[in-house]
Each structure stands twice: as structure tokens, then as C-alpha cells.
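Biologist: I'd like to learn how to read a protein model. Could you walk me through one, feature by feature?

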Amino acid sequence: FPDQKITVGDVEMPIVILGDPAYPLMPWLMKPYTGSLDSSQDLFNYRLSKCRMVVECAFGRFKARWRSLLTRLDLSENNIPIIITACCALHNICESKGETFMAGWEVEANRLAADYAQPDTRAIRRSQRDALRIREALKASFQTEQGNQ
């Protein structure tokens with residue numbers, strides 16, 4: 001990721017990935033609150049979910065069109081962003097030109113994706129203090145008018 005940071009409240013944070021509850025909370029990976037929630041935590045989860053749904057729908061179409069992205073990319077780490085960027089550009093060209101997107105592609109891609117093992121997140125055990133501060137700052141930001149946009 002670019003080494004860009006933003007400040008929310010008084011917390012400086014990196015660009016983050018949006019994850020679901022199965023992933024560990026990390027400074028670069030935001031996930032929803034779990035358990036008994038207060039209204040501000042519930043609002044945070046709702047807004048995080050709205051963002052994730054947009055991304056998940058886009059990636060669903062993206063992976064359906066470029067099925068090579070369903071599997072592990074055995075490439076140099078330096079080449080992976082180039083391949084993904086190229087797929088994004090080609091996908092956007094197809095979409096802008098009105099190229100037919102078959103609904104069955106996405107169904108088949110989801111079926112194929114279910115066969116691939118996901119990383120074992122239990123292996124990731126770091127301090128979560130920074131991640132908790134970032135999530136709390138985002139939650140507070142979501143309570144403001146600016147956070148409604």
C-alpha cells in the first residue's frame with residue numbers, strides 16, 4: 001500500500017483494508033465490533049458493512065471476469081500489483097464498452113473460490129493496541145456529520 005496516512009480525530013492511521021469478523025483486527029485491517037454493542041459500535045458496523053458490500057460486489061464481478069485471480073498468484077511480490085492493476089484497467093474497459101457480463105460467471109467463480117483454502121489467521125498474533133485506537137477513531141468519526149458522507 002502507499003505509505004500514506006490520514007488523521008482522524010487525533011489518531012494517525014494508514015490506509016486500511018475492510019474485513020469481516022473472521023479476520024484479526026490489525027492497524028491496517030478494520031473489522032466490525034462483535035458481542036453486545038452500544039449504538040456507536042452498531043453504527044460503525046453498519047457503515048463498515050455498507051463499504052464492504054460495495055467492495056465485495058465489485059470484486060465478485062472482477063474475479064468472475066478474471067478467474068486467474070481466484071487462485072494463488074505465483075508471481076514476484078513486485079509483479080502482483082501490476083497484474084491486478086492490469087486486470088482492473090481491462091475490467092473497466094469491458095464495463096465502459098458495455099461488454100456482456102454473464103450472471104453465471106459470478107456464480108461459477110463463487111463455486112470455484114469455495115474450493116481454495118484461506119490463510120490461517122490464527123498465525124497472526126501481534127499487538128492490537130494501534131488497531132483498537134484506529135477503530136475507535138473511525139467510530140467517533142462516523143458519529144459526526146462529516147462521517148455521514
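Biologist: Let's start with Leu48: is it buried or exposed?

Modeller: We call a residue buried when its relative accessible area is under 20%, exposed when it is over 50%, and partly exposed in between, using a 1.4 Å probe and protein chains only. Leu48 has 5% relative accessibility, so it counts as buried. Keep in mind that this is a predicted model, where local features need pLDDT of at least 70, side-chain atom pairs count only at pLDDT 80 or more, and totals for chains, interfaces and linings use all residues. Residues are numbered from 1 along each chain as its sequence is written, and side-chain values use heavy atoms, with hydrogens and water left out.

Biologist: Where does Leu48 sit, and which residues is it in contact with, leaving aside neighbours within four places in sequence?

Modeller: Leu48 lies in helix α1. Helices here are DSSP runs of H or I with at least four residues, strands are runs of E with at least two, and both are numbered from the N terminus. Contact means heavy atoms within 4.5 Å. Leaving aside neighbours within four places in sequence, Leu48 is in contact with Leu18, Gly19, Met30, Lys31, Pro32 and Phe142. Take Lys31: it is 17 residues from Leu48 in sequence, yet their C-alpha atoms are 7.8 Å apart in space.

Biologist: And how much of the chain is buried?

Modeller: Buried residues make up 26% of the 149 in the chain. For contacts with a separation of 6 or more, 61% come from residues 24 or more positions apart.

Biologist: What pattern do the helices and strands follow along the sequence?

Modeller: The chain has four helices and four strands, and they come in the order β-β-β-β-α-α-α-α.

Biologist: Let's look at strands, then. How many bridges join β1 to β2?

Modeller: Two strands pair if DSSP finds at least two bridges between them. Strand β1 (residues 5–8) is joined to β2 by four bridges, and the two run antiparallel. Val8 stands opposite Val11 in β2, while Lys5 has Pro14 in β2 as its bridge partner. The hairpin of β1 and β2 has two residues between the strands, and Gly9 takes a positive phi near 65° there.

Biologist: Which residues of β2 are on its covered face, and which on its uncovered one?

Modeller: Val11 and Met13 form the covered face, and Glu12 and Pro14 the uncovered one. Ile15 is in the loop between β2 and β3 (17–18), and with a relative accessible area of 34% Ile15 is partly exposed.

Biologist: What is a nonpolar core, and which residues touch the most other members of the largest one?

Modeller: In soluble globular proteins, nonpolar side chains tend to be buried together. A nonpolar core is a set of buried Ala, Val, Leu, Ile, Met, Phe, Trp, Tyr and Cys residues joined through side-chain atoms within 4.5 Å. The largest core here has 13 residues, of which Met13, Met30, Phe44, Ile134 and Leu138 touch the most other members. At least two residues come from each of β2 (11–14), α1 and α4 (129–142), and α4 gives the most, with five. Not counting residues up to four places away in sequence, Ile134 touches Val11, Met13, Pro14, Pro27 and Met30.

Biologist: Now helix packing. At what angle do α1 and α4 cross?

Modeller: Two packed helices are described by the angle between their axes and the distance between the axes. Axes are lines fitted to C-alpha atoms, for helices over the stretch in contact, and angles run from 0 to 180 degrees between N-to-C directions. The axes of α1 and α4 cross at roughly 90° and come within 9 Å. That makes α1 roughly perpendicular to α4; angles of 65 to 115 degrees count as roughly perpendicular, under 35 as roughly parallel, over 145 as roughly antiparallel and the rest as oblique. Ser40, Gln41, Leu43, Phe44, Arg47 and Leu48 in α1 meet Arg135, Leu138, Lys139 and Phe142 in α4.

Biologist: How far apart are the axes of α1 and α3?

Modeller: Helix α1 (residues 39–65) and helix α3 (residues 103–113) have their axes 8 Å apart and pack at an angle of about 90°. So α1 is roughly perpendicular to α3.
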